[in-house]
Amino acid sequence: MKQLYTILLAIGSVTICMAQNPDGQLSDVTFGKTAITQFSETIEPSNKPYYIDENWLVGEFQILNNVKFKELPMRFNLIDNQLYFKDRKVVRVISASLLKGFSWTNLNGEIESFIIGNTIGFDTDAVFRIAIQDSVSLYSKNSTKIIKANYNEALSIGDKTDKIKLVREFYFQIKNGNLVKLENSRKKVLAAIPDQYFKEVGYFINTNKLKFKYDQDFVELIEYWNTLYR
């Protein structure tokens, strides 16, 4: 099975006002007026941050005109939907709407790649992690949900502050077709399978008793589905 752990495309011939030093660090940031802004490390994000990974992970990102920037410590804030990266001792930020994708190596030594929804027909700047890319691809969309404080002063129970919860939704895509959401339900997943694959895929789901309560269930489904194209 083909599994790509990077989706960033090769750099083409483009006109851009960004320069890059041989060491991979940015020497100038002049792409438009608001595409990339610089701020001190002491300035807080506009909201309480929620990072895909709180660690600064070295990787690369690609902007809309296909230019890449490599070997930069990065992390992604899902609340502001922005990628933070370190340029020497300065932290910079770029909006997801100006990105094609990004990837990094996590602390387990694994390469994780992400792509922006509007590059795969989702018509939004939501961030998708690439789980499998093949004849049938699997993506997980990362977002956050605010759980409001529910403290009851009279009873002295509940939470006094809002909480942030990570929400992960899975989607499959057949070749370059539309993304189709996979719900956390065997019945609903079966309903999303196209007729021409329903018999084989449905048999696999039922035989292996996949309930789609865990991420691995979605991975197993798509891995099997791709064997039908061999």
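Which residues of the largest nonpolar core touch the most other members? They are Leu138, Ile205, Leu221, Ile222 and Trp225, out of 22 residues in that core. The model is predicted. Its mean pLDDT is 79, and 76% of the residues reach 70 or more. Five salt bridges are counted.

**Largest nonpolar core**

- The core has 22 residues.
- Strands E10, E11 and E12 each give two or more residues to this core, as do helix H1 (186-192), helix H2 (195-207) and H3.
- H3 supplies the largest share, five residues.
- Isoleucine 222 is among the members that touch the most others. Beyond its neighbours within four places in sequence, isoleucine 222 is in contact with Ile132, Val136, Ser137, Leu138 and Phe172.

**Second core**

- A separate core of 19 residues also exists.
- Its members include Phe61, Phe69, Trp104 and Ile116.

**Leucine 138**

- Leucine 138 sits in strand E11.
- Its relative accessibility is 0%, so leucine 138 counts as buried.
- Residues up to four places away in sequence aside, leucine 138 touches Arg129, Ile130, Ala131, Ile132, Phe170, Tyr171, Leu182, Phe218, Val219 and Ile222.
- The C-alpha atoms of leucine 138 and glutamate 223 are 9.2 Å apart in space, while the two residues are 85 residues apart in sequence.

- Side chains of opposite charge can pair when their charged atoms come close.
- Arginine 129 and glutamate 112 form a salt bridge through their side chains, at 3.8 Å from N to O.
- Arginine 129 belongs to strand E10 (residues 127-132) and glutamate 112 to strand E9 (residues 111-116), so the bridge ties together parts that are 17 residues apart in sequence.
- Arginine 129 has a relative accessible area of 26% and is partly exposed.
- Glutamate 112 counts as buried, because its relative accessibility is 15% and the cut-off for buried is under 20%.

- Glutamate 169 and lysine 141 meet in a salt bridge through their side chains, at 3.4 Å from N to O.
- Glutamate 169 lies in strand E12 (residues 163-174) and lysine 141 in strand E11 (residues 136-147). The pair links distant parts of the chain, 28 residues apart.
- Lysine 141 is buried, with a relative accessible area of 12%.

- Arginine 168 forms a salt bridge with aspartate 215. Their closest N and O atoms are 3.4 Å apart.
- Arginine 168 is in strand E12, and aspartate 215 is in helix H3 (residues 215-227). This pair links distant parts of the chain, 47 residues apart.
- Arginine 168 is partly exposed at 39% relative accessibility.
- Aspartate 215 is also partly exposed, at 37% relative accessibility.

**Confidence**

- Over residues 1-43, pLDDT stays under 50.
- For that stretch the model has 105 contacts beyond four places in sequence.

Note on methods: Residues are numbered from 1 along each chain as its sequence is written. This is a predicted model: local features need pLDDT of at least 70, side-chain atom pairs count only at pLDDT 80 or more; totals for chains, interfaces and linings use all residues. Side-chain values use heavy atoms; hydrogens and water are left out. A salt bridge is a side-chain nitrogen of Lys or Arg within 4 Å of a carboxyl oxygen of Asp or Glu. Helices (H or I, at least four residues) and strands (E, at least two) are DSSP runs, numbered from the N terminus. Buried means under 20% relative accessible area, exposed over 50%, partly exposed in between (1.4 Å probe, protein chains only). A nonpolar core is a set of buried Ala, Val, Leu, Ile, Met, Phe, Trp, Tyr and Cys residues joined through side-chain atoms within 4.5 Å. Contact means heavy atoms within 4.5 Å. pLDDT is the predictor's confidence in each residue, from 0 to 100.
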